[in-house]
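Visitor: I have not seen this one before. Please show it to me, and then I will ask my questions.

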Amino acid sequence: MSCIGHWVARACAVGRVGGSLAALVGDHGGGVAGWRGMRLFGSSSSSELGELEEREKMPYDVAIVGAGPAGLAAAIRIKQLAPEASVCVLEKGSEVGAHSISGNVFDPRALEELLPGWREMEGVPVRQEVTKDVTYFMTSNRAFWVPCPPTMQNKGKGYVISLSALTRWLAAHAEENYEVDIFPGFAASEVLYDGGGSGGAPGRVVRGVATADMGISKEGAMKDTFARGIELRARVTLFGEGCRGSLSEQIKAALGLQGKANADPQTYGLGIKEVWQVSDEKHNPGEVWHTAGHPFDSETYGGGFLYHMEDNMVALGLVVGLDYKNPYLTPFKEFQRFKLHPKVRSLLEGGQCLQYGARTLVEGGWQSLPFSGFEGGALIGCAAGTLNAARIKGVHTAMKSGMVAAEVVAEKLKLAEEEGAPESEGGEDGLELPPLDMTDYDERLRKSWVGEELYAARNFRPSFGMGLYPGMIYAALDAFVFKGRTPWTFRHSKKDNECLERADSYAPISYPSPDGEITFDIPTSLYRSGTNHDHDQPAHLKLRDDQVVYDQNMAVYDGPETRYCPAGVYEYVEDEEAARGEDGPSLKLQINAQNCLHCKACDIKDPTQNICWTVPEGGGGPSYTLM
């Protein structure tokens, strides 16, 4: 069986690829010989003993990395404007929606533009309108009502939804109505540049992505299930991996996209969320709370949310800015403290926690936007940094960014067709066409209403660098009086990992033990996330230098990775075998990669940037359905 045949057959066996691809495998026996009018081309020679065979190739006009709101909106919009274009979407989750998590009070503006008749469409999971907006400032045991700023007023305009459900619906719509090829369960692990391989020197042209090899043991040996990854060769590759996407970050560095835009460092938050079922008498469909203050001190940016969904469900969570200073702060335990506040606890008592999850989010806004278009591809959604921190919303801007990119793609495809098909740039079958230059996309994105929103909100997040109370005062003035029209722009001066301070400047924080009813431990929460990875695969979390863990993370910051990770991935255990001498460390860092929620907090907050997050074998990670 060819590599493509093995790859596809394995996908079908675990239910990751739909019927159209399964039919092709059946029709063509050992390999795939056709795909909607395209012939797949592969390696010209078999591999030698001990060497990996060359990856086979699948050509597309557009390849999209990530089946989130940005990627799916882009796929649909491209097919609306250029029906003949071939479009595929790669998704590392086991199914579309499995890795999708957000607050989520949804602004339907982009959905209205993309699918004007969406309200009448079958099964659309956007039903619960916001009925009430409430904002509280919390102390340790009281909640004070404060005016809701205009940027956070959602009544009559927004919906309380599950992003997992929305992305599943968008994916089904894209497949059934637009013939978009969606491949869940396959992780894009490598960017392809011109010349046919990987690389990344400035000036290189993006030519697509390659999926990770499957069936490699944790020792690095091939298992019986081994299948070589596939190269998806595309004229345009859109990177919609979400916040801190591994390939997106590689491209930013390789092509100098942050510097090209003269952008500030990006800043991030970590959101931790649960979905609960509550009783009828406690459920107020569409009611939305946002909170500031407790459980954080005045030096830490963050806040809570609680949204009444449909079907007696309540989504609640806590977001902490990852520029926090105290190395003893534990975001997971701060969230547990948030739930113990009388205002929150009274709602949850007698209820049942259904699901748990966590994800980082981009908060830098306008001044942290990289240059998002380049030859052969573009960054879309949170990979480009389009979340509006002042509104605590990013799905609508992510979708719109994907639509803007799609419009540029369609124009470029039409122009290329009018100018005549150029000669092939490679591929033994002459099917590989030159890449399209997406540089224009950056300006188009900034001039769209996404750019307008981000520019108006540009001073919200950096104003809290002055502290909680000065930040709240400025944010109120900006929302009610200035409305984003000030002649100044505050800057983000530091990366989040540079903000952590020495442990000897702080005392450890004492957190209450979990009670098993309102508050929980990490193993219990992880179970509710459905997180799973094949244990017999190489760890996807790697240390660049093992010794840095002891010389810096432990010695200076007292092992902060054990606290900022909301999944218990990192723990220090007794090192019984290490011969470090009597004065050496008696502990070693153990990485429990199978626990990983793919939140990316470690990749962002590690003070020495010694942790490298890479994609695991496709299909691993959380399995969200309600988030």
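Guide: Helices (H or I, at least four residues) and strands (E, at least two) are DSSP runs, numbered from the N terminus. The model is predicted, so local features need pLDDT of at least 70 and side-chain atom pairs pLDDT 80 or more, while totals for chains, interfaces and linings use all residues. Residues are numbered from 1 along each chain as its sequence is written, and side-chain values use heavy atoms, without hydrogens and water.

Visitor: Between which two helices is the loop that holds Lys483?
Guide: Lys483 is partly exposed, with a relative accessible area of 48% (buried means under 20%, exposed over 50%, partly exposed in between, with a 1.4 Å probe and protein chains only). From C-alpha to C-alpha, Lys483 is 8.1 Å from Ala457, although 26 residues separate them in sequence. The loop of Lys483 runs between helix H14 (468-482) and helix H15 (522-529).

Visitor: How far apart in space are Gly245 and Gly66, C-alpha to C-alpha?
Guide: Gly245 sits in the loop between E13 and H6. Its relative accessibility is 1%, so Gly245 counts as buried. Gly245 and Gly66 are 179 residues apart in sequence, and their C-alpha atoms are apart in space by 9.3 Å.

Visitor: Is Tyr474 buried or exposed?
Guide: Tyr474 belongs to a cluster in which ring pairs also link Phe482, Trp488 and Phe490 (rings of Phe, Tyr and Trp, its six-membered ring, pair if their centres lie within 6.5 Å; planes under 30 degrees apart count as stacked, over 60 as edge-to-face and the rest as tilted). Phe482 has a relative accessible area of 26% and is therefore partly exposed. Tyr474 has a relative accessibility of 9%, so Tyr474 counts as buried.

Visitor: How many aromatic pairs does the structure hold?
Guide: A pair of aromatic rings is described by the distance of the centres and the angle of the planes. The total for this structure is twelve.

Visitor: How many residues apart in sequence are the parts that Trp366 and Tyr455 tie together?
Guide: Trp366 and Tyr455 form an edge-to-face aromatic pair, 5.4 Å centre to centre and with 85° between the planes. Trp366 lies in the loop between strand E18 (352-362) and strand E19 (373-374), while Tyr455 lies in helix H12 (residues 449-456). Both are partly exposed, Trp366 with a relative accessible area of 22% and Tyr455 at 38% relative accessibility. Because of these two locations, the pair ties together parts whose separation in sequence is 89 residues.

Visitor: How many residues of strand E10 (residues 206-211) are buried?
Guide: E10 is joined to strand E9 (residues 188-193) by five antiparallel bridges and to strand E13 (residues 231-239) by three antiparallel bridges. Ala210 of E10 is the bridge partner of Glu190, and Ala210 also stands opposite Glu231 in E13. E10 is largely enclosed by the rest of the structure, because the buried residues number six of the six.

Visitor: What is the volume of the largest cavity?
Guide: The structure holds three cavities of 30 Å³ or more (a cavity is a set of points on a 1 Å grid over the protein atoms alone where a 1.4 Å probe fits but cannot get out; lining residues have an atom within 4 Å of a point). Of the 14 residues that line the largest cavity, Cys565, Val569, Cys596, Cys599 and Cys602 lie nearest its centre. The volume, the space filled by probe spheres set on grid points joined across faces, edges and corners, is about 80 Å³.

Visitor: Which residues lie nearest the centre of the second largest cavity?
Guide: The second largest cavity has a volume of about 60 Å³. It is lined by 14 residues, and those nearest its centre are Glu363, Gly365, Ala389, Ala457 and Arg458.

Definitions and conventions: Two strands pair if DSSP finds at least two bridges between them. On a 1 Å grid over the protein atoms alone, a cavity is a set of points where a 1.4 Å probe fits but cannot get out, and a pocket is an open set with protein on both sides within 12 Å along at least five of seven lines; lining residues have an atom within 4 Å of a point.
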